[in-house]
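Open the model in your viewer and keep the selection tool ready. Each stop below says what to select and what is there.

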Amino acid sequence: MLAAVGAPVPNDPHAVSVSLPSWKANVGYEEGEEWVLSKMKTGYPRFFIHLTIQELAREIVNKYGKGDEAVMLFPSPATAKRCQRFFYDQAKDIPITAVRLLNLEPKMSSNEHDTVLSGVYCVFFPKEHFGVAKQVWQHTGDGVSSRRGEFCLKALRDGFLQPVAAPGRIRSDSLYTKGPRRYQRGGSQNNINFLVNPPETPSNGPIPEDRDYSTFVEERFGRNLNMQLAEKAKIAIRRRIAGCLTEDSELEVALGKPSRSSDGRLSGLTEDHVFLYPTGMSAIFNTHRILLAHAQANDQEPRRSVCYGFPYIDTLKILQKWGAGCQFYGFGSSEDLDDLEQRLQNGERFMALFTEFPSNPLLKSPDLKRIRQLADQYDFAVVVDETVGNLININVLPYADVVVSSLTKVFSGETNVMGGSGILNPRSKMYQTLRKTIDKEYEDNYWAEDAVFMERNSRDFVSRIERVNVNSEAVASILKDDVNVKAVYYPKYSPTKPNYDACRNANGGYGGLLSVIFLRHEQAVAFFDALEVQKGPSLGTNFTLACPYTVLAHYGELDWTASWGVEADLVRISIGLEETSELVGEVKSALAAAGRV
């Protein structure tokens with residue numbers, strides 16, 4: 001049964017998707033129509049701030065804010081400072097004192113603890129500039145998660161989060177954003193003091209003597225969720241991503257077996273080369289941030305990056321708004337690589353090339369072999385997002401310096417927790433120097449409770465992929481042969497199939513994502529509305545999930561997307577674990593509806 005407009009998908013308080021079951025509902029959401037927005041109980045977490053986090057923000061503003069302020073919440077001082085810095089680079093008229101930091105940290109009765117710790121790190125700003133803060137939340141993926149927000153809300157109300165003034169200094173580091181350096185006023189350019197307004201409202205009062213933070217954590221989670229469990233969950237996740245852990249077994253059993261180097265992905269690859277992030281976009285953003293720091297540490301002049309192929313929207317925004325800028329090759333064609341090679345031969349240099357394998361939503365597969373050859377010759381990093389292809393189907397690591405992925409998608413499957421990963425290739429020419437930078441710059445902000453859910457969800461990852469591959473091929477074949485279909489985008493039927501096959505594992509399939517274009521707009525609408533599957537943002541779900549992708553992701557720039565071959569009427573389908581015959585029947589029924597238009 002399809003969920004109602006605005007209902008969480010699945011029916012879970014931490015659901016990652018939200019139901020927009022008709023084409024009209026998607027357009028209404030994008031146009032801000034009240035009949036849609038008033039029913040929104042949740043949304044994709046980087047675009048829709050979870051209602052619990054909104055409630056936590058309101059309480060923090062009421063206690064520590066001013067009348068004209070709003071607040072954005074982050075999991076660490078460093079992530080909060082990056083948001084503050086983005087304000088001073090991007091907001092043209094904001095005074096230096098208008099964006100201030102406040103750390104709310106756990107008040108511990110003892111320095112010795114084995115319980116989960118979490119503070120919340122607040123960026124206060126004039127509320128009319130909320131759009132600037134929202135850009136940081138959306139693009140970086142570094143905001144607090146809904147489960148962390150839930151925990152911190154309870155801790156704040158119970159008096160366990162206490163204000164600590166943030167350090168009053170902005171450092172000039174490698175993560176600069178494009179824009180004026182207006183905060184550099186008076187004194188040194190590289191070390192600028194700024195005002196942090198201390199809280200004027202007292203806390204909730206003293207913590208009862210018979211109740212300490214450890215007791216509070218046990219009451220919140222039960223006795224099982226301590227730091228040891230969370231760390232074990234993270235180790236298991238990292239081993240699965242490295243290919244060192246493939247069996248579906250309980251955590252203690254899985255970790256009781258000796259870890260081995262991966263044979264399939266790359267000889268010598270272990271969990272030590274895998275880094276976890278709170279979201280997939282956080283993995284991309286922080287990889288970009290670390291590469292900027294790496295370039296600075298090696299005395300490299302600021303260089304642009306390359307975005308090769310039409311990407312998921314925020315990847316391009318990150319490369320455009322942070323660092324020296326971006327050379328965008330939206331078609332991801334061999335001609336684009338010819339142009340890149342010509343630029344390199346003429347002396348232009350780049351810091352890194354970011355690409356998806358295959359791309360979302362056109363499912364094109366870049367020529368990684370040629371990209372790797374250019375990178376080796378002209379000294380730039382290659383970052384490959386393998387989210388859509390996934391590590392069971394493909395192995396792109398030999399061609400990349402860093403491989404990133406959104407664990408929120410097919411790795412989890414359950415659509416109830418966010419996560420991301422980055423893999424540093426131990427055979428990369430950059431490995432030794434890049435590893436030093438990562439060891440200095442990396443910050444584990446993956447919330448313990450999220451890690452526990454992610455570990456449980458991913459245990460049957462391998463077997464789920466096999467089922468999804470079978471279903472996807474069946475659906476893609478039906479769509480390809482329908483007379484009303486103009487084009488099907490799927491790696492198996494793509495002109496770039498040879499590039500995909502060059503990276504496909506021996507038993508790998510073509511993944512669970514496909515897109516379809518109909519001959520007429522009305523047919524696309526009729527097909528989408530008649531398709532009896534869940535409909536909303538996200539992909540890689542255990543259930544089939546569809547959306548009018550271009551409308552949902554690029555509604556305000558449809559002419560721009562069309563110029564890169566991404567048509568406004570594109571319908572994207574993420575294939576799930578349903579019985580193949582049942583899923584095929586649903587698609588045939590929806591195609592019949594399109595044919596009647």
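**Before you start**

This is a predicted model: local features need pLDDT of at least 70, side-chain atom pairs count only at pLDDT 80 or more, and totals for chains, interfaces and linings use all residues. Residues are numbered from 1 along each chain as its sequence is written, and side-chain values use heavy atoms, with hydrogens and water left out.

**Stop 1: the whole chain**

Show the protein chain as a cartoon. It has 21 helices and 20 strands. Both are DSSP runs numbered from the N terminus: helices are H or I with at least four residues, strands are E with at least two. Of the 597 residues, 60% are buried. Buried means under 20% relative accessible area, exposed means over 50%, and partly exposed is in between (1.4 Å probe, protein chains only). Now think about contacts, meaning heavy atoms within 4.5 Å. Among contacts with a separation of 6 or more, 75% join residues 24 or more positions apart.

**Stop 2: α6 and α7**

Select residues 146-157 for α6 and 213-221 for α7. How do their axes cross? They come within 11 Å and cross at roughly 130°. Axes are lines fitted to C-alpha atoms, for helices over the stretch in contact, and angles run from 0 to 180 degrees between N-to-C directions. The two helices are therefore oblique to each other. The cut-offs are these: under 35 degrees is roughly parallel, over 145 roughly antiparallel, 65 to 115 roughly perpendicular, and the rest oblique.

Show side chains next. Glu150, Phe151, Lys154 and Ala155 of α6 meet Tyr213, Phe216, Val217, Arg220 and Phe221 of α7. By class, this contact has six nonpolar, no polar and three charged residues. Ala, Val, Leu, Ile, Met, Phe, Trp, Tyr, Cys and Pro count as nonpolar; Asp, Glu, Lys and Arg as charged; the others, Gly among them, as polar.

Move on to Phe160, in the loop between α6 and β6 (161-165). Phe160 is buried, at 0% relative accessibility.

**Stop 3: α8**

Select 227-242. This is α8, with 16 residues. Its first and last C-alpha atoms are 22 Å apart, close to the 22 Å expected at 1.5 Å a residue. The expected span is 1.5 Å times one less than the number of residues. Buried residues of α8 include Ala233, Ile237 and Ile241. What do the buried residues pack against? Look for α9 (251-256), β9 (274-277), β15 (420-424) and α15 (448-457). Just after the helix, Gly243 takes a positive phi of about 85°.

**Stop 4: an exposed loop residue**

Go to Asp299, in the loop between α10 (280-297) and β10 (304-308). Asp299 is not a glycine, yet it has a positive phi of about 55°. Is Asp299 buried or exposed? It is exposed, with a relative accessible area of 71%.

**Stop 5**

Select 334-345 for α12 and 368-378 for α13. Their axes are 11 Å apart, at an angle of about 5°. That makes α12 roughly parallel to α13. Their contact has six nonpolar, two polar and three charged residues.

Stay here for the loop between β12 (350-356) and α13, where Pro358 sits. The peptide bond from Phe357 to Pro358 is cis, with omega near -15°. Another cis bond joins Asn360 and Pro361, with omega about 15°. Leu363 is in this loop too. Leu363 has a positive phi of about 55° without being a glycine, and at 0% relative accessibility it is buried.

Next, pick Phe380, between α13 and β13 (381-385). Phe380 is buried, at 3% relative accessibility. Leaving aside neighbours within four places in sequence, its contacts include Leu344, Leu353, Ile371 and Met430.

**Stop 6**

Find Ser472 in α16 (residues 461-480). Ser472 is buried, with a relative accessible area of 0%. Not counting residues up to four places away in sequence, Ser472 touches Tyr490, Gly511, Gly512, Leu514 and Ile575.

Finish with α21, residues 580-595. Its buried residues include Leu583, Val587 and Leu591. Among the elements covering them are α16, β16 (485-489), β17 (513-518) and α18 (521-530).
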